[in-house]
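Biologist: I'm new to this one. Can you put it up and walk me through the packing?
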Amino acid sequence: MKSLWHRVFLAIMIGLAITLCWQSPALAREAPASIQPYLDRAQAKVTEFRLANGMKFLVMERHQAPVVSFYTYADVGGVDEPEGKTGIAHFLEHLAFKGTSRIGTTNWEAEKALLEQQDQLYEKIRAAQGSQELQKLQEEFNALEAQASSYVESNKFAQIIEQAGGVGLNAATSADATFYFYSLPANKLELWMSLESERFLDPVFREFYKERDVILEEKRSRNDNSPFGRLFDSFQDKAFQVHPYRRPVIGYEQDIRNITRQDVKDFFAKYYVPSKLTVAIVGDVDPAQVKTLAQAYFGRYPSKPTPPQIQAIEPTQNTPREVSIEIPAQPIYLEGYHRPALNHPDSPVYAVIAKLMSYGRRSRLYNSLVEQQQIALEAAGFNSYPGDKFPHLLVFYALPARGVSLEQLQQALRQEITRLQETPVSDQELERVKKQIKAEVLSSLGSNMGMAGALVEAEVKLGSWRRLFTVIDELEAVTAADIQRVAKATFVAPNRTVAKGIPKR
């Protein structure tokens, strides 16, 4: 939910710290004003190259410890899914850990034949819904699934990595992208090259139907059976009318149930092309060796056409929108405002506004609604929902204290917004917020993985990884007048979408 700007400033990327420098343990105790020289030194340690097939690599040397973090960024997410196939990007993320024709199976040829039979039989099951033949077909399908499973070496990919000393193997899918990451000892660089290139060059989407059940259960627990999950899904759907940001990344249940293995193969073939893949490698590495190995392993990928970026443009919202749902839980109030994409010149202004208003106990919303008025148990927000590659939302939310109505929270929140619009932020408060942001960056030093994630996202979403090292200058340029200007343009009624979670009576 946090934009790259906020992750850069607060050093948060997939729950990991963004490393901006490493030379001195004392750095975190130094004044925030000293951060730019260290950013400059960090930038000098980055090497970039692109393979002939279009795949991009960013390499940062950090030789203080014999470890390396690897971050593979696929520029494809929920927004790229065709209508009727929502959830397929997330589905593919799950299946990417199932191995290849050589990893994860004891007999690929036998397993392959069973997988093909399984898919054919599943089509018959879909056609036989409601018929007397259905039970018999399902029994045959279960028998085939059991046979195929007998050849599977479950979690083999992960086991190989763990046995090599790897840690943090994981992946995530957002509305904008899909990323795969883990760390290894420095002497296992070639192992990563081999494993990662194989899993995208020769993927086998085995255990497809079992994984679909896992995803459906994940959807039930996180979205359908979660009061807040349902509220945010409804909020998204109301705030966006045209853009695919309106859809949940996990997908709609009926779409997930109808996705076939062939659908996943087709989606993979179209979007997981070299020009859509960017890799960041940060740690104890030699850039020249990385380039040689990358050409040997990833250079095997054939060049393919880059799929077109989505063309849907969300129309300007010209009237307030509101949605309410009953929830068996703590009531919640939220309101969101459309804002430009991450690469817009005003993104640093939005980052400052978000920090000023809604991040932490010193934020205006928390200070006013929770501490002073004591009408909220929590009051906060986030600057990037549900993605930030395209125009998206800045969202505020609050949980009412006992006996407080959502309307009271709404009024109090709007008063803080009006104050932001009408009264210039003092020099003292603005400087405090800027220092907070820089201090939080400095306090989060040390993560190779965080740096890797920040580098690739800046490369893809901001046009160059170098933007990562100019953010402090852009932050410092934000003025009180900028904040008023952006607040007056953004926080207006026609641009607002409200969602209310109301307890069941």
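Biologist: What should I know before we start?

Modeller: This is a predicted model, so local features need pLDDT of at least 70 and side-chain atom pairs count only at pLDDT 80 or more, while totals for chains, interfaces and linings use all residues. Residues are numbered from 1 along each chain as its sequence is written, and side-chain values use heavy atoms, leaving out hydrogens and water.

Biologist: Rings, then. How many aromatic pairs are there?

Modeller: The count is 33 aromatic pairs. Rings of Phe, Tyr and Trp (its six-membered ring) pair if their centres lie within 6.5 Å. Planes under 30 degrees apart count as stacked, over 60 as edge-to-face and the rest as tilted.

Biologist: Take phenylalanine 91 and phenylalanine 208. Why is that pair stacked?

Modeller: Their ring centres are 4.7 Å apart and their planes are at 10°, so the pair is stacked. Phenylalanine 91 is in helix α3 (residues 88-95) and phenylalanine 208 in helix α8 (residues 208-224), so the pair ties together parts 117 residues apart in sequence. Helices here are DSSP runs (H or I, at least four residues), strands too (E, at least two), numbered from the N terminus.

Biologist: Which residues do ring pairs link into a cluster?

Modeller: Phe49, Phe57, Phe70, Tyr182, Trp192, Phe298 and Tyr301.

Biologist: Which charged ends sit over the rings of phenylalanine 97 and tyrosine 350?

Modeller: Arginine 199 has its charged end over the ring of phenylalanine 97, 4.8 Å from the centre. Arginine 339 has its own over tyrosine 350, 4.3 Å from the ring centre. The rule: NZ of Lys or CZ of Arg within 6 Å of the ring centre and within 35 degrees of the ring normal.

Biologist: Back to α3. How many of its residues are buried?

Modeller: 8 of its 8 residues are buried. What covers them includes β6 (167-173), β7 (178-185), α8, α10 and α11 (261-271).

Biologist: New topic. Which residues make the contact between α14 and α15?

Modeller: From α14 (residues 364-372), they are Arg364, Leu365, Ser368 and Leu369. From α15 (residues 406-422), they are Leu409, Ala412, Leu413, Glu416, Arg419 and Leu420. Contact means heavy atoms within 4.5 Å.

Biologist: Now isoleucine 502. Where is it?

Modeller: Isoleucine 502 is in strand β13 (residues 496-503). Its relative accessibility is 31%, so it counts as partly exposed. Leaving aside neighbours within four places in sequence, isoleucine 502 contacts Ser324, Ile325, Glu326, Ile327 and Leu406.

Biologist: Last one: is serine 69 buried or exposed?

Modeller: Serine 69 is buried, with a relative accessible area of 5%. It lies in strand β5 (residues 67-74). Beyond neighbours within four places in sequence, the contacts of serine 69 include Tyr182, Ser183 and Met449.

Methods
Axes fitted to C-alpha atoms, helices over the stretch in contact; angles between N-to-C directions. Buried < 20%, exposed > 50% of the residue type's maximum accessible area, 1.4 Å probe, protein only.
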